[in-house]
Amino acid sequence: METKLKIAQSKVMHKDRVWSVAWGLKDSILASTSGDCSLKLWDKNLNPVDSFAQDRTVRRVKFAPDGKQLAICSFNGKVLIYKLENGVFEEYAELEGHESEVKSISWSADSSLLATCGRDKSVWVWECWEDGDYECAGVITSHSADVKDICFHPYDCILVSVSYDMTVKLFKEYDGEWDCVQTLTGHTDTVWCAAWSPDGLKLATAGSDQCVRIWAMNNGKLELEANIQGIHERTIYSVDWGERGIVTGCADNKIRLLQQSEGGWISSDAVAVLSDVNSVAWSKNGDKIAAGTDDGDVVLIDLV
Amino acid sequence: MVFASIDQALQNATPTLFQKAKPREQKASDWDDDVRDPWDAREVFELIREIRDPEHPMSLEELGVVQEELITVNDEENEINVTFTPTIPHCSMATLIGLSISVKLIRSLPRRFKVNLAITPGTHAQEHQVNRQLKDKERVAAALENPNLIKVVNNSLIKTVEEIDLDDDF
């Protein structure tokens, strides 16, 4: 049976473009960040839970896999950590180091590492100590332009980054040092987003060339397995890979679900909204998708 | 000597000037409330023709940087294409001019429109690089949060008092 997407709920949640959405532990909480310089938290029915203001655009939010922390990054060059204390998230730490806009963040599977990237072309890896301290464990300057997104592997000590320089880079940790072990070319324009498959065997990357590239891990290296074209008509800003497939969010106002079949990758009918889709995120249990748009909307999508 | 130093300061000290467009021709249907008036190239041109060049007191229209012929509008498909022509192929202001046009259109147009803004093909040495920057909405958003840059952009968008027609019909 073919899976279909259906909008369950759509609400204006921000006064400006929603840049990112993320689900917290057990899908009981949803976070969104926006050009209105705020981080907002919602319950699963999109009722407001909390709101935090910054002085610049808050570009991304990510919950740590342990569910007890979340991180945001902002155009003001800062990364902020919020910790769950007595049932509410409270600002806990500020990580400074990037020279300018911080564009993305990723937590390692055990929540012990945090990676950040930005306009200054660098990727920073931070260690999160159990006593609550955060320490810079490495700065990687391998890209020649803005690093748009980074993504930790679901279980190995592997990190990928994607960039305005049109490349995808694979980093591995040896004795505490992060080295670039592979640079993947093929995308013909800015690469905006990356997501590992839940089993960690494959990677999806997408961007302004309107293609989704699927890379397979083979002996520690990534190899191009598929280049999915013709599904979107503008920049693909976001991909997320869940048990039921890859969801894409695009500037053509559409959200699609890509699923692998015997004959290759097939796309569901698109769900259409009224503006650019900047962020898509699978719920943890995989039964719904959240999306954020240029209109300031947060959209919840069911699978039917 | 003074003139020589001005010559050095300006990248293009003697730009070619273009005729200003005549006022838009009005049709009877313009005033008919029952007729839907779709957006057209002239209307978009009206929004950007008076943006000022960062180097000259002249408007982008007078410098031939923006032209009605370089604008296409597909109202039904919510798509607008605008290209602009820097006065010289090595103009370092091209990105800034593009940003000013972009900001003016973002602020003025209904949000349903997708605007594709680019340099007129073959008219600038760094055409590809500038186009990529203007297309990157994350970079544009960050630029608009930069107080120095937004001041320069706003200055190029402001009409002088004399230019504002206080007898405009509302």
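Analyst: Rings of Phe, Tyr and Trp (its six-membered ring) are taken to pair if their centres lie within 6.5 Å; planes under 30 degrees apart are stacked, those over 60 are edge-to-face, and the rest are tilted. By this rule, the whole structure holds 9 aromatic pairs over all chains. One of them is edge-to-face, because the ring centres of A:Trp241 and A:Trp265 are 5.8 Å apart and the planes stand at 80°. This pair connects distant parts of the chain, with A:Trp241 in strand β22 (residues 236-242) of chain A and A:Trp265 in strand β25 (residues 264-267) of chain A, 24 residues apart. Helices (H or I, at least four residues) and strands (E, at least two) are DSSP runs, numbered from the N terminus. A:Trp241 and A:Trp265 are both buried, where buried means under 20% relative accessible area, exposed over 50% and partly exposed in between (1.4 Å probe, protein chains only).

The model is predicted: local features need pLDDT of at least 70, side-chain atom pairs count only at pLDDT 80 or more, and totals for chains, interfaces and linings use all residues. Residues are numbered from 1 along each chain as its sequence is written, chains are lettered from A and ligands numbered from 1 in the order in which they are written, and side-chain values use heavy atoms, without hydrogens and water.

Elsewhere in chain A, β2-β3-β4-β5 is the order of an open sheet of 4 strands with antiparallel pairing; two strands pair if DSSP finds at least two bridges between them. Within chain A, strands β3 (residues 29-34) and β4 (residues 38-43) run antiparallel and are joined by 5 bridges. A:Ser32 stands opposite A:Lys40 in β4(A).

Chain B contains 6 helices and 3 strands, arranged along the sequence as α-α-β-β-α-β-α-α-α. Of its 170 residues, 39% count as buried.
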